[in-house]
Amino acid sequence: QVQLVESGGGLVQAGGSLRLSCAASGRFFSINGMGWYRQAPGKQRELVAAITRAGTTNYADSVKGRFTVSRDNAKNTMYLQMNSLKPEDTAVYYCNADGVRTFLDTRDLWGQGTQVTVSS
């Protein structure tokens, strides 16, 4: 079974930093794009940052200059370095992988989510 597992969330004070990881496990050939999304209470899920297999990145305006997305294709792992965190960054952060090629099909996957809480 192919799955994504996030780690690295937690509680941090405003101005602090956290690093999230998303590791893909199971039997698959390759992953196309990957991205981090977040969902705050009462709000819709939104894209935070995305990265293609080649390393091209895209960020939400609200995190530009503070967050950095990266990936290690050899380890099938994506990272999100979050600096200068603000209380409004508080949310559940989800990892997404699209174009995951398995023996049976090509699919999109979501992780289970990791909570990030920034206190003021």
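Predicted model: local features only at pLDDT ≥ 70, side-chain atom pairs only at ≥ 80, totals over all residues.

Guide: Residues are numbered from 1 along each chain as its sequence is written, and side-chain values use heavy atoms, with hydrogens and water left out.

Visitor: How many helices and strands are in the chain?
Guide: Both are DSSP runs, numbered from the N terminus: helices are H or I of at least four residues, strands E of at least two. Along the sequence the pattern reads β-β-β-β-β-β-β-β-β-β-β. The count is 0 helices and 11 strands.

Visitor: What is the radius of gyration of the chain?
Guide: The radius is taken over C-alpha atoms, and the globule rule is 2.2 Å times the number of residues to the power 0.38. For 120 residues that rule gives 14 Å, and the chain comes close to it, so it is as compact as a globular protein of that length. The radius of gyration is 14 Å.

Visitor: What share of the 120 residues counts as buried?
Guide: Buried means under 20% relative accessible area, exposed over 50%, and partly exposed in between, with a 1.4 Å probe and protein chains only. By that rule the share of the chain's residues that are buried is 42%.

Visitor: Which cysteines does the disulfide join?
Guide: A disulfide here is a pair of cysteine sulfur atoms within 2.5 Å. The structure holds 1, with an S to S distance of 1.9 Å. The partners are cysteine 22 and cysteine 95.

Visitor: Where do cysteine 22 and cysteine 95 lie in the chain?
Guide: The pair links distant parts of the chain, 73 residues apart. Cysteine 22 is buried at 0% relative accessible area, and cysteine 95 is buried at 0% too. Cysteine 22 lies in strand β3 and cysteine 95 in strand β9.

Visitor: Is the link of cysteine 22 and cysteine 95 left-handed or right-handed?
Guide: Look at the angle about the S-S bond. It is -65 degrees. The link is left-handed.

Visitor: How many aromatic pairs are there?
Guide: Rings of Phe, Tyr and Trp (its six-membered ring) pair if their centres lie within 6.5 Å; planes under 30 degrees apart are stacked, over 60 edge-to-face, the rest tilted. The count is 2 aromatic pairs.

Visitor: Why is the pair of phenylalanine 29 and phenylalanine 103 edge-to-face?
Guide: The ring centres are 4.8 Å apart. Phenylalanine 29 is in the loop between β3 (18-25) and β4 (34-39), and phenylalanine 103 in the loop between β9 (91-101) and β10 (106-110), so the pair ties together parts 74 residues apart in sequence. Phenylalanine 29 is partly exposed at 47%, while phenylalanine 103 is exposed at 53%. The pair is edge-to-face because the planes meet at 65 degrees.

Visitor: Which strands hold tyrosine 37 and tryptophan 110?
Guide: Their rings form an edge-to-face pair, with centres 5.0 Å apart and planes at 65 degrees. Tyrosine 37 is partly exposed at 23%, as is tryptophan 110 at 40%. The strands are β4 for tyrosine 37 and β10 for tryptophan 110.

Visitor: Over the ring of which tyrosine does the charged end of arginine 45 sit?
Guide: The test is NZ of Lys or CZ of Arg within 6 Å of the ring centre and within 35 degrees of the ring normal. Arginine 45 also lies over the face of tryptophan 110, at 4.7 Å from the ring centre. The tyrosine ring has its centre 3.8 Å away, and it belongs to tyrosine 94.
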